[in-house]
2 protein chains.
Amino acid sequence: MANDRPPRPSRRGFLKAGGAAMAAGASLGAALAPQAALAKAQAQAQTHGADPQLAVEPFFGVHQSGIVTPQQSHAYVAALDLTTDKRDDVIALLRAWTDAAARLAQGGTAAALPTGEAGDSKSAPDSGDVLGLGPNGLTITFGFGPGLFTKDGKDRYGLAARRPAALVDLPRFNGDQLIPEKTGGDLFIQACANDQQVAFHAVRQLTRLAYGNATMRWGQAGFLSGPRGQTPRNLMGFKDGTNNPSTAKPQLMNEFVWARASADAPWMEGGTYTVVRRIRITLEHWDNMELGFQEQVLGRHKYSGAPIGRKNEFDPVDLKEEDKDGNPLIPENSHVRLSNQASNSGAQILRRSYSYNDGTNFYIERWPPWRQETEYDAGLIFVAHQSDPRTGFIPINERLAKFDMMNQFTTHVGSAIFAVPPGAKPGSYIGAGLFES
Amino acid sequence: MANDRPPRPSRRGFLKAGGAAMAAGASLGAALAPQAALAKAQAQAQTHGADPQLAVEPFFGVHQSGIVTPQQSHAYVAALDLTTDKRDDVIALLRAWTDAAARLAQGGTAAALPTGEAGDSKSAPDSGDVLGLGPNGLTITFGFGPGLFTKDGKDRYGLAARRPAALVDLPRFNGDQLIPEKTGGDLFIQACANDQQVAFHAVRQLTRLAYGNATMRWGQAGFLSGPRGQTPRNLMGFKDGTNNPSTAKPQLMNEFVWARASADAPWMEGGTYTVVRRIRITLEHWDNMELGFQEQVLGRHKYSGAPIGRKNEFDPVDLKEEDKDGNPLIPENSHVRLSNQASNSGAQILRRSYSYNDGTNFYIERWPPWRQETEYDAGLIFVAHQSDPRTGFIPINERLAKFDMMNQFTTHVGSAIFAVPPGAKPGSYIGAGLFES
């Protein structure tokens, strides 16, 4: 059986050959398994039961990866603030990020590693903590926050006129308890992989490449556990993502996810707009609720995932169904009803969220019963992609923020919005359309 | 190939059959794949390339699992403080924990789930977020902190005379910056699994079982990524655990890990003493160091893991070797030299640590260059098992805390020590020897 396996791509050290003039490109080539083997590994990785360490996702393409890519098991998302005032520094950073991301996605290090011999007087370009691990289906997705276009009223990089109208500043939603250190950011990196260390490693190396031009604003690890091929459950114990528009249907992705070229932002054709919300869940409180109540809050049965009154997860959500007393079967203020397409003028967003779990914190509640206790600092890194947040996340969340019964168990403590440009061609870089058209 | 696979054990709902008198035991039985299939799955899971979701680790046994068990990829460790003043409550809690842990380790829920039909007026006994996931090699390990024996000078449960002499209060070590909310605890739970949600789920259910008798003091998620069968690298990029005593050698485990029955604590025979330290690592600072310097700090080569001057990871560490100028090849204050058995009167401890990654925090440094910035809240959940901490962790760490060059990159912010009793027999419970002998 072992002989059936393709050569296994793995993160290798790419040690510099002593004295040999290995260009970065040549070094990258040397680090990769032959393309044919990679393609075979990739095909295998998409089969049930294949080794997820072997999976390889393409970095270059019409769209960036990590948007309609089937969700990997781990993520690390981060936002950085630009500190440079030079447009050329931003372009150089995006070029460096593109090159490094392409290497990382193939299972390489961010750059060739030093030998450690006398004369290596600079810090290594890669922390080395993923040596020997596979590519693990790593995707890296970059985005641009409002601060890239204007910050404190200043047009730092001559981009103010190119800010897409759809890249709005998010309004304040009912109940928001946003922490500034978990909110906003000029640049966005989302790394997703089948291994936690591989995802974090990518963001860590890319952030290092930004030293001197941008600093970390916030970073957050996430995870997703699900039986393969089934809808995963989040920490509330309910399946999350059942009613997502199908990424297998290009016409749905074109309608709801991919941005179209507009007069103000022709460079966004094939991109998307991404909203990230850090939603803390009071798990202790939720766990004390009875099952029937939890199901009323969601509007779905917990174990099957079916809409209330139905049997199967993918049974249609019929908002008109009533019980024998004439009350709606799916409660008025249930999460499923309020977020349903039919309640939102047909709007849909592509959710691609991860759970987060940052241990515990000592909290003093500011509401009855005024407890002081150690609570989980856990919840959801909500990530939603859409062609236009003005018709997507914003109206949907305005409704949810006001009426969703779930709000008594959740608090939005972080928030950000980004324009995620289209993918790059080899030789070009992410965001080239913004800077060079 | 699919036909070669054993039936896949998975976490099932064990829905109560309507009106049928299913005893808890019967329900548990129904939840399990046949023993033969489990044994086959377990054997397969220990083979390279087997599905880690299928792995099953035994809960009952001479020793608790999760100590010499090969490390799973994820962990959640937690400490609770007892709030009850009744000895019987503590015993009841340990019985409930034992029963639930045995179910969870087999891939079950903490207890049978409700049907959600009218009449279910209590909260469900399990959050349900791992339904459909496999057992994932889950191990659950329980420990007793000093506070179980005496707290604030009070012998709450009549156990003061049974406190083992080896369960010392840890001294303050040089450089300690302990945060009370991350330190100490009366009871310890360590859950390790091949899936992050499965590990956290176990602690979450067990903590719920303690409601009214104990409250969470601190909890922490950890992870470990490594090429299978090789020593994993921690976030510093170096292999961590190379020089551990081999868990495959029972005589080493008996000498260094398992506690022996002593006059003061006959009930600890087959147990161990566990030290947990939350060690924050300033990754940004570390990443800026050149490779050669990092290797001097560790005393090992980064990429191979070999001792300095050697080629292979498992080459012996020869502390007497000198370079051509007569200086020690492995520096005086390197981590490897200071922690080596030869520097510590032959002492060894079994390290079983995990990395942690809690996003970012905004820090104001209290030392030059007095930076204010967002930094990673990441590092190591150091976990060490030993037969006696007075000859194990304490003298080793006293030396490291004073002299280790690594200290400029690490800060110990959490600390705890626990007596981890031996394993339980089916029908008995963890800690029975303490309460009933």
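This is a predicted model: local features need pLDDT of at least 70, side-chain atom pairs count only at pLDDT 80 or more; totals for chains, interfaces and linings use all residues.
Residues are numbered from 1 along each chain as its sequence is written, and chains are lettered from A in the order in which they are written. Local features need pLDDT of at least 70, side-chain atom pairs count only at pLDDT 80 or more, and totals for chains, interfaces and linings use all residues, while side-chain values use heavy atoms, with hydrogens and water left out.

Biologist: How many residues does the contact take from chain B?

Modeller: Contact here means heavy atoms within 4.5 Å. Chain A gives 71 residues, and the number from chain B is 71 residues.

Biologist: What area is buried between chain B and chain A?

Modeller: Buried area is the accessible area (1.4 Å probe) that two parts lose on being put together, summed over both. Carbon and sulfur atoms give 48% of the area between chain B and chain A, which is about 5,700 Å².

Biologist: Which residue of chain B meets R204(A) in a salt bridge?

Modeller: A salt bridge is a side-chain nitrogen of Lys or Arg within 4 Å of a carboxyl oxygen of Asp or Glu, and the count between the two chains is two. In one of these the N to O distance is 2.8 Å, and the partner of R204(A) is D287(B).

Biologist: What rotation superposes chain B on chain A?

Modeller: Copies are superposed by least squares on the C-alpha atoms of residues with pLDDT of at least 70 in both. With 0.0 Å of shift along the axis and an RMSD of 0.0 Å, the rotation is 180°. That is the relation of a two-fold axis.
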